[in-house]
Amino acid sequence: MERHIALELVRITEAAALEAARWTGRGDKNSADEAATLAIRSKFNSVAIDGTVVIGEGEMDEAPMLYIGEKIGNRRGPRVDIAVDPLEGTETVANGLNNAISVIAAAPQGSLLHAPDIYMEKLAVGPALAGQLSLDDPIETTLAKASAILDKPLADMTVSILDRERHAALIDALRKSGVRIKLLSHGDVMGAIEAAMEKDVDMYVGSGGAPEGVLAAAALKCLGGEMQGRLLPNGLEEYNRCIRMGLAKPDQLLRMEDMIGHDNVLFVATGVTSGDFLHGVRYLPKHKAETHSVIMHSENRTISYIETTHHFTEQLNSVRGAAI
């Protein structure tokens, strides 16, 4: 994936973050998401790609823009799959919490999984554990294997998981094993990425959105980590929906190559609210703002951080203010 495409995509996530961040703490997650989506949609068609949205805001009959199957870009560049979440963490922004981002992943056409908007069971790890664990194993076996590989006692390991009622039994099993637990209120993508940063979290487990799983897998490939997943269709309707989207065996174990293919992958994100990975948008005096973004490329595993100062005209600023 060419470097100029990465720079064009980061300008798009910056625009989405700038718009979404204005709704921080206002208790209106739908307006925050709409603002981010509108910003992304308005800029995508100028990008030099022949792109297809494989993960977006929904299917054509559900979403007026950025729907699955939508063609984007100016059609004068490489054919690519696009996975996009204009605002990962809508409730996070609405409640003024940390770790909301705007994110895009891109890969050669045919690479990214057409993941339906259902739950996915997940296991995310960093480079030291990549390729050595299995989602098929009981969590106790997985923890024991990880402890041995890392040469780290269970009591010194940290596992992150979304704080959800559906995870009650899994959280109980983690506690009985003796590991430390990091409960996440939100941030499915960032939770999985953190496991690959080789800092405070050794593993991410539990279930979350399938589209977010693909986005996280793209980042983990760039970081040398691994994501494994298994779709969790709830009933026959969701099971058949998976089949219609090209998944012949909806309950199969999904590995990295199933979710993001074998070729090079690009991952771009801009912080909306601050977190451990990215700073949030800062609005400054005199019609300026600062954004903090990351560009990851799996081909050479480079990670680049970009801090940008944006200057707005008074007219643009006043229009944005009036919208709120």
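Modeller: The axes of helix 6 (residues 188-195) and helix 7 (residues 210-223) come within 9 Å and cross at roughly 25 degrees, where axes are lines fitted to C-alpha atoms over the stretch in contact and angles run from 0 to 180 degrees between N-to-C directions. Helix 6 is therefore roughly parallel to helix 7, a label for angles under 35 degrees, and their crossing is right-handed, the near helix being turned clockwise from the far one by less than a right angle. The contact (heavy atoms within 4.5 Å) involves D188, V189, A192 and I193 on helix 6, and E212, L215, A216, A219, L220 and L223 on helix 7. An α-helix has 3.6 residues a turn, so residues three or four places apart point the same way.

This is a predicted model, in which local features need pLDDT of at least 70, side-chain atom pairs count only at pLDDT 80 or more, and totals for chains, interfaces and linings use all residues. Residues are numbered from 1 along each chain as its sequence is written, and side-chain values use heavy atoms, with hydrogens and water left out.

Elsewhere, a search of the whole structure finds 1 aromatic pair, for which ring centres must lie within 6.5 Å. The rings of F277 and Y305 have centres 6.1 Å apart and planes at 75 degrees, so the pair is edge-to-face, the class for planes over 60 degrees apart. F277, in the loop between strand 10 (266-271) and strand 11 (282-284), is 28 residues from Y305 in strand 13 (residues 302-311). F277 is buried at 10% relative accessible area (under 20%), whereas Y305 is partly exposed at 42% (between 20% and 50%, with a 1.4 Å probe and protein chains only).

Conventions:
Phe/Tyr/Trp six-rings, centres within 6.5 Å; stacked < 30°, edge-to-face > 60°. Helix = DSSP H or I, 4+ residues; strand = E, 2+ residues; numbered from the N terminus. Parallel < 35°, antiparallel > 145°, perpendicular 65-115°, else oblique.
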